[in-house]
Amino acid sequence: MNTAGTSTQPGTKLRFTKMHGLGNDFVVFDGVGQTVALSAEQCRRIADRHFGVGCDQILLVEKPTRDDVDFRYRIFNADGGEVEQCGNGARCFVRFVHEKGLTAKTAIRVETASGVIEPRLLGNGQVAVDMGAPRFAPADIPFAAEAEALAYPLKVGQHVIEIAALSMGNPHAVLRVNDLDSAPVEILGAAIESHARFPQRVNAGFMQVLTPHDIRLRVYERGAGETLACGTGACAAAVAGIRQGWLKSPVSVHTKGGDLVIEWAGKGQPVSMTGPAETVFEGEIEL
């Protein structure tokens, strides 16, 4: 079981903020001003849209464990599992700590399970995040393959599809489709997510190229199912398309929840993601 330490005692009341980035929604807890230690079962209950608050992921703001960063950022999927990274959540994170007075900085350094990211509030209300450099070596994703390649054949059921595989701090498979509306995202996404060649499961992105600077994207997220938007998924799709020669930076990524702008200068360079982050409401939940 993945947990954020020993679970909070039943009956404890915790303050939370409901936020979203393009409809990818989060329950955010301040673990600096209050003690928050959630079990996988408690995460699932909070994320339940009928019996809890309802969200795709739970975000936990904690004090840093190292001197060169401002905060620690932990992410729990709706199924209770802790994951390494969440791009839309990162934008909400910097707005949250700023609005809560936890920092006066508009640009912060944040420690995650996959490394340091640097989100910053822009003057126009948008949030830009330096997501770090993508990783392509199969062992770094992780993905079972003999050698790194631009694309890989993947046998799903009786069919063989072609995917790009990479890590944006979390694993992604990107599949190009001709028509996003008719793509079997639920069925094929679930099959890709749990494919044996991805030992830690994977986020499955379905990308339709509109122009060299515009794509449409749907993502079946690991542990959450299809979401209205996926920040790291948008980064992964743009990077995969640029590597294949289909796209050129900057890339506007159109999701069901809205648009993100992704910039990437090439291998070894960090990916920049810009988009909105919104606070929906605040509340208190008794565990």
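**Exercise 1.** Does Phe143 count as buried or exposed, and at what relative accessibility?

*Solution.* In this predicted model, the cut-off for a buried residue is a relative accessible area under 20%. Phe143 has a relative accessibility of 4%, and therefore counts as buried. The next step turns to its ring partner: Phe143 forms an aromatic pair with Tyr152, with 4.9 Å from centre to centre and 70° between the planes, which is edge-to-face. Tyr152, at 4% relative accessibility, counts as buried by the cut-off of 20%.

**Exercise 2.** Classify the ring pair of Phe71 and Phe93, and state which parts of the chain the pair ties together.

*Solution.* The count of aromatic pairs comes to six. For Phe71 and Phe93, the ring centres are 6.0 Å apart and the planes stand at 70°; because an angle over 60 degrees counts as edge-to-face, the pair is of that kind. Phe71 belongs to strand S4 (residues 71-77) and Phe93 to helix H2 (residues 87-99), so the pair ties together parts that are 22 residues apart in sequence.

**Exercise 3.** Trace the strand pairing from S9 through S10 to S11.

*Solution.* Strand S9 (residues 152-156) runs antiparallel to strand S10 (residues 159-167), to which five bridges join it, and Leu154 has Ile161 of S10 as its bridge partner. Two residues lie between these strands in their hairpin, where Gly157 takes a positive phi near 65°. S10 is in turn joined by four bridges to strand S11 (residues 171-176), again in an antiparallel arrangement, with Val174 of S11 as the bridge partner of Ala164. In this hairpin three residues lie between the strands, and Gly169 takes a positive phi near 90°.

How values were computed:
Residues are numbered from 1 along each chain as its sequence is written. This is a predicted model: local features need pLDDT of at least 70, side-chain atom pairs count only at pLDDT 80 or more; totals for chains, interfaces and linings use all residues. Side-chain values use heavy atoms; hydrogens and water are left out. Two strands pair if DSSP finds at least two bridges between them. Rings of Phe, Tyr and Trp (its six-membered ring) pair if their centres lie within 6.5 Å; planes under 30 degrees apart count as stacked, over 60 as edge-to-face and the rest as tilted. Buried means under 20% relative accessible area, exposed over 50%, partly exposed in between (1.4 Å probe, protein chains only).
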